[in-house]
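Biologist: I'm new to this one. Can you put it on screen and take me through it?
Modeller: Here it is.

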Amino acid sequence: MEIGDLTIKDIASRVKRNEISANEVAKFYIEQIHMKDPLINAFLYVDEDGVIKRAKELDNLKNKKGLLFGVPIAIKDNMNVKGLQATAGSKILRGYIAPYDATVVQKIKDEGGIIIGKTNLDEFAMGSSTENSAFFPTRNPLNVEYVPGGSSGGSASAVSAGLSKAGLGSDTGGSVRQPAAFCGVVGMKPTYGRVSRYGLIAFGSSLDVIGPLTKTVEDSAVMLNVIAGFDAKDETTAKVEKEDFTDSLGKEIRGLKVGVIKEIADFNVQSEIMQSLKVSYSKLEQLGAEIIEVSLPHLKYALPTYYIVAPSEASANLARFDGVRYGLEGEGENIKEFYEDSRTKGFGSEVKRRILIGTFALSAGYYDAYYVKAAKVRRAIEGDFESAFSKVSSIILPTTPTTPFKFGEKKSPLDMYMSDIFTIPVSLAGLPAISVPIGKDNKGFRVGIQLIAKWFDEATLLRVAYALENY
Amino acid sequence: MYKPTIGLEIHVQLSTKSKIFCGCSTEFAQEPNTQVCPVCIGLPGVLPVLNEKVVEYGTKLAVALNMTINKYSNFYRKNYFYPDLPKGYQITQYSIPLGSEGFLEIHGNIGNQKVRILRGHIEEDSGKSMHSGDITESEFSFIDFNRSGIPLMEIVTYPDMETPDQAYEFLVLLRSIVRYLGVSSGDMEKGAMRCDVNVSVSKDNTMGTKVEIKNLNSFKSVKKALEYEIARQIEVLEKGERIVQETRHFDEHDGTTKPMRTKEELNDYRYFPEPDIPPLSISDEYVASIKREIPELPHKKEERLISEFGISKDYSRSISYSQKLAEYFEDVVSFAGHPKEVSNFLMVNVVAFMNDKGVEIDEVNFDKHKFKELLDLIDQKVISGNIAKEVIDESLVSGKSPKQIVEEKGLTQITDEDAIKNAVLEAINENPTPLNQYLGGKKQVYGFFVGVVMKKTKNKANPDLLNKILMEELNKLSS
Amino acid sequence: MIDLEKIEALSALKLKGEEKEKIIKDLEEIIEYFEILKEVDTEGLEPLIYTKGIALSLREDKVTESLDIKYIERNRKLFGNNLFRVKRIIGE
């Protein structure tokens with residue numbers, strides 16, 4: 001069996017048993033990157049020397065332990081890895097070197113993982129195609145004329161193309177699940193509060209969740225085992241019992257109630273996706289699950305709600321990029337000109353657009369009509385899910401309304417925003433969700449089917465996802 | 001008649017060891033940018049974590065100021081760009097502060113006055129910007145972020161004060177309270193207490209226009225700025241002109257207030273709930289436990305010392321406003337009694353010595369045993385009150401005990417009636433003119449004879465005996 | 001309806017030329033799209049800021065080590081006594 005086909009568990013246990021060396025694994029993936037990445041452009045930075053050094057250190061350890069021992073992990077470039085760049089895909093942070101490790105990165109290191117490099121993304125995670133990267137677009141490994149989705153397009157395509165065993169992405173409105181669907185891999189957004197955000201460059205603080213991109217649901221569960229947990233550095237992490245998320249994998253789903261959403265009919269969904277969705281329903285039923293229709297009446301309000309809440313938070317989160325302490329330094333006769341020049345040169349159009357929307361939504365005279373209104377609609381959306389989850393233990397719906405599109409195809413921002421129409425409601429409610437590749441479209445792309453579970457019930461989420469994946 | 005209306009906004013630095021949202025040290029006057037970390041310097045990816053001591057100190061202060069502690073309070077982001085504000089927003093409490101609706105009763109020379117407090121909220125401080133030379137002319141400014149993230153509690157009063165003296169009083173009392181509570185050093189010079197004032201002047205019950213004054217670096221500046229500003233506003237109104245609603249800057253050098261340079265300032269802070277910090281909930285039990293920790297506060301102590309010991313109002317206030325002095329006073333009195341005498345010696349002799357040497361009461365070498373010795377010497381009529389002052393002054397300097405001083409200097413009081421009588425007779429015989437005046441009915445000449453006798457006895461005559469004998473002898477002559 | 005000058009100034013951005021025109025058009029379109037929210041009856045609903053299961057926990061008042069100045073200097077040159085330097089601040 002080739003290294004690339006092994007699961008995370010396989011690699012870790014073989015390296016720990018000295019059946020293969022961490023160095024061999026690392027060299028294999030670096031080789032893959034050399035071969036394939038010039039076309040795909042998944043990585044912004046590959047830490048070759050660091051990877052080899054780290055692999056050798058692991059091999060020299062007498063006491064080899066850790067869930068990710070010797071496993072290479074790609075990190076989206078909006079997370080801090082000490083000593084490496086952290087650009088968030090923006091010119092304003094070109095050359096910025098992180099002085100500390102994000103909590104998730106620390107945890108990966110603690111479990112023996114190897115940070116292989118930093119992956120491309122839409123600038124500050126704002127986008128759904130990775131075209132908004134200030135550096136270059138990433139291509140979809142399944143067909144390089146198409147976008148890999150975004151904003152975690154780099155990590156998704158790296159995993160899809162076998163350039164890394166697993167990757168971390170961040171998901172604010174679908175940025176892990178949507179590229180996972182586009183690249184045909186598994187992408188999970190855990191419950192908001194399950195994984196520490198410390199060290200993740202913030203976009204929408206009340207929505208941002210770090211999640212794994214992997215080849216399989218099992219790998220996803222292993223990754224969640226590593227990154228989950230209360231963090232004293234993040235006030236918004238929840239104090240919940242530690243659990244082993246691989247425990248629920250393979251448990252039968254007989255008797256579980258799975259919700260299908262009545263309002264799906266109101267949306268324009270590509271026929272092959274509807275087809276895959278129906279196939280999924282029948283698979284679940286054959287496995288003994290009960291399919292029940294649930295209603296999310298506020299579903300169609302999720303998108304405008306999100307595009308008020310996330311930009312509002314972003315407008316403040318991105319205020320620190322002012323050129324004073326780090327990042328691109330503009331010019332100007334006085335501080336005001338300096339700020340404006342630094343930021344206008346440093347940010348791309350989409351980021352500027354969202355900063356302006358957010359500033360507008362928070363400004364005097366508009367705050368109640370936009371920000372507060374959206375926060376209230378968000379409560380209504382949460383309420384929809386609450387009542388749905390009083391009837392079912394998981395919900396199934398498409399990850400995206402379409403399979404991948406071509407570069408430059410989405411002309412207006414609103415068109416682009418529509419690709420997150422099914423992932424955004426889940427983010428607004430803070431629920432855990434996973435995208436699993438099921439079926440194919442006529443171009444050969446996989447279709448991503450999304451499962452959602454109750455708050456902090458990733459166990460059920462993974463259990464159903466695993467059953468569907470392995471049907 | 002013009003009536004000024006004054007409100008205060010005071011920032012109190014809470015004296016925690018670490019900053020409000022990170023573990024950086026709060027120590028004062030360190031090398032620039034050595035007490036900073038990714039959090040307080042606003043690096044990408046960091047998150048704030050609230051310091052429990054900030055909540056404790058803030059609650060303590062709010063309770064001491066009679067505020068209601070809100071069961072839930074929340075944090076907001078206040079957005080504006082400034083180089084010393086690393087995140088581009090300040091984390092502060094906004095819609096629901098830690099404490100609301102309190103009051104503080106000030107009493108000084110101007111009588112009692114209840115000053116209502118609108119709110120008390122916790123927030124982070126910004127860094128410090130420095131300019132070489134004139135702020136408008138220097139090409140660059142320089143920033144030190146050591147202060148960024150220092151915890152503050154902002155106290156906002158209602159505009160319940162009418163005179164600069166009241167504002168001064170309020171601040172002096174507040175400083176004393178924060179020191180009693182141990183929640184702040186209260187040192188305005190070190191920026192641990194900062195104050196902005198709002199002042200308007202109204203005539204005939206019409207609302208005045210509010211002017212804010214900033215850059216007040218001492219309590220005296222507050223008073224001076226208010227005095228100047230009130231006079232200025234009255235002058236403007238007298239000329240039939242209007243007061244401009246604005247922020248003015250106090251110039252310490254010439255004691256005037258000047259309008260701050262106003263560009264078209266955009267004042268739209270876009271406050272919104274801080275998503276990184278869930279609401280702060282405070283239980284009744286917590287508030288109750290904080291209440292139990294609050295000591296008797298200076299203004300209460302002031303009242304008690306008067307009613308319990310009958311000491312003068314002025315002395316009671318001076319003693320009470322300093323926790324150390326008050327502790328010393330009560331300690332001495334419980335050991336040696338004589339509260340009036342103790343307050344007198346303490347304020348006249350000991351405090352004068354402290355001020356002269358620039359030392360605190362706990363550095364003064366005059367403990368309760370020496371105090372008792374001194375008071376016993378008076379009680380036993382070994383020395384008079386006047387001599388006692390001499391003795392305590394000497395003791396403060398040399399550290400010798402009162403007894404030793406009295407012995408070494410031969411200051412023992414004369415209680416021998418014959419000796420005093422001799423001196424009295426001498427005084428009478430040597431001063432025939434005053435004697436005739438006295439006998440002629442000019443009774444105030446009596447004091448002259450007392451003075452002469454004291455001089456003859458080198459102040460050592462027992463005053464009671466002196467009076468008795470002098471009166472007897474004079475009565476003999478007038479009958 | 002949107003005072004772009006003010007919003008730009010508050011955002012510390014200064015748009016120019018084509019980008020400016022494009023962004024104005026986009027913003028108008030997007031804000032127009034928000035109108036749909038008016039349909040939702042939000043009477044009596046509390047704004048949702050924090051999702052479920054999140055509660056504040058406080059940090060002990062303990063001093064931790066500061067960031068080594070070399071990490072700051074790696075990203076920005078400091079002046080004089082390790083100070084950040086900025087263009088003059090006009091006004092206050």
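**Talking through the model**

Modeller: The place of A:A125 is in the loop between strand 3 and helix 5 of chain A. This is a predicted model.

Biologist: Which residue in chain B has a positive phi of about 65° although it is not a glycine?

Modeller: B:N66 has that positive phi of about 65°. B:N66 sits in the loop between helix 1 and strand 2 (68-69) of chain B. With 15 C-beta neighbours inside 10 Å, B:N66 counts as partly exposed.

Biologist: Back to chain A. Where is the cis peptide bond?

Modeller: The cis bond joins A:G150 and A:S151, with omega about 10°. A:S151 lies in the loop between strand 3 (114-119) and helix 5 (153-160) of chain A.

Biologist: OK, strands. How many residues of strand 4 of chain A are buried?

Modeller: Six of its six residues, 166-171, are buried. Both faces of strand 4 of chain A are covered, with A:A166, A:L168 and A:S170 on one side and A:G167, A:G169 and A:D171 on the other.

Biologist: Which way do strand 2 and strand 4 of chain A run, parallel or antiparallel?

Modeller: Strand 2 (residues 72-76) and strand 4 of chain A run parallel, joined by three bridges. A:I73 has A:A166 of strand 4 as its bridge partner.

Biologist: And strand 6 of chain A, parallel or antiparallel to strand 4?

Modeller: Antiparallel: five bridges join strand 4 to strand 6 (residues 209-214) of chain A. In that strand 6, A:L213 stands opposite A:G167.

Biologist: Now helix 8 of chain A. What span should its 16 residues have?

Modeller: At 1.5 Å a residue, helix 8 (residues 271-286) of chain A should span 22 Å, and its end C-alpha atoms are 23 Å apart, which agrees.

Biologist: Which residues of helix 8 of chain A are buried?

Modeller: The buried residues of helix 8 of chain A are A:I273, A:S276, A:L277, A:S280 and A:L284. Down the helix axis they fall within an arc of 105°, so they line one face of helix 8 of chain A.

Biologist: Why would residues three or four places apart point the same way?

Modeller: Because an α-helix has 3.6 residues a turn.

Biologist: What covers the buried residues of helix 8 of chain A?

Modeller: The cover includes strands 7 (257-261), 8 (290-294), 9 (394-398), 10 (433-440) and 11 (446-453) and helix 15 (458-469) of chain A. The face turned away from the buried side of helix 8 of chain A carries the exposed residues A:S271, A:K278, A:S282, A:E285 and A:Q286. After helix 8 of chain A comes A:G288, whose phi is positive, near 100°.

Biologist: Different topic. How many helices and strands are in chain C?

Modeller: Chain C has three helices and one strand, in the order α-α-α-β from the N terminus. Its radius of gyration is 23 Å, well over the 12 Å that the globule rule gives for 92 residues, so chain C is more spread out than a compact globule. The C-alpha atoms of chain C fill a box of roughly 55 × 45 × 25 Å along the principal axes. Of the 92 residues of chain C, 24% count as buried.

Biologist: How many residues do chain A and chain C put into their contact?

Modeller: That contact takes 57 residues from chain A and 44 residues from chain C. On the side of chain A that touches chain C, the largest share, eleven residues, comes from helix 12 of chain A. By class, that side of chain A has 30 nonpolar, 14 polar and 13 charged residues.

Biologist: And how many residues for chain B with chain C?

Modeller: Chain B gives 44 residues and chain C gives 34 residues. Strand 9 of chain B gives the most to the side of chain B that touches chain C, with five residues.

Biologist: What joins strand 9 of chain B to strand 1 of chain C?

Modeller: Four bridges join strand 9 of chain B to strand 1 (residues 84-87) of chain C, and the two run antiparallel. The bridge partner of B:I143 in strand 1 of chain C is C:F84.

How values were computed: Residues numbered from 1 in each chain as written. Chains lettered and ligands numbered in written order. Predicted model: local features only at pLDDT ≥ 70, side-chain atom pairs only at ≥ 80, totals over all residues. Rg over C-alpha atoms; globule rule 2.2 N^0.38 Å. Buried ≥ 20, exposed ≤ 12 C-beta atoms within 10 Å, placed from the backbone. Contact = placed C-beta atoms within 7 Å. Nonpolar A, V, L, I, M, F, W, Y, C, P; charged D, E, K, R; others polar. Pairing = 2+ DSSP bridges. Expected span 1.5 Å × (residues − 1). Arc of directions from axis to C-beta.
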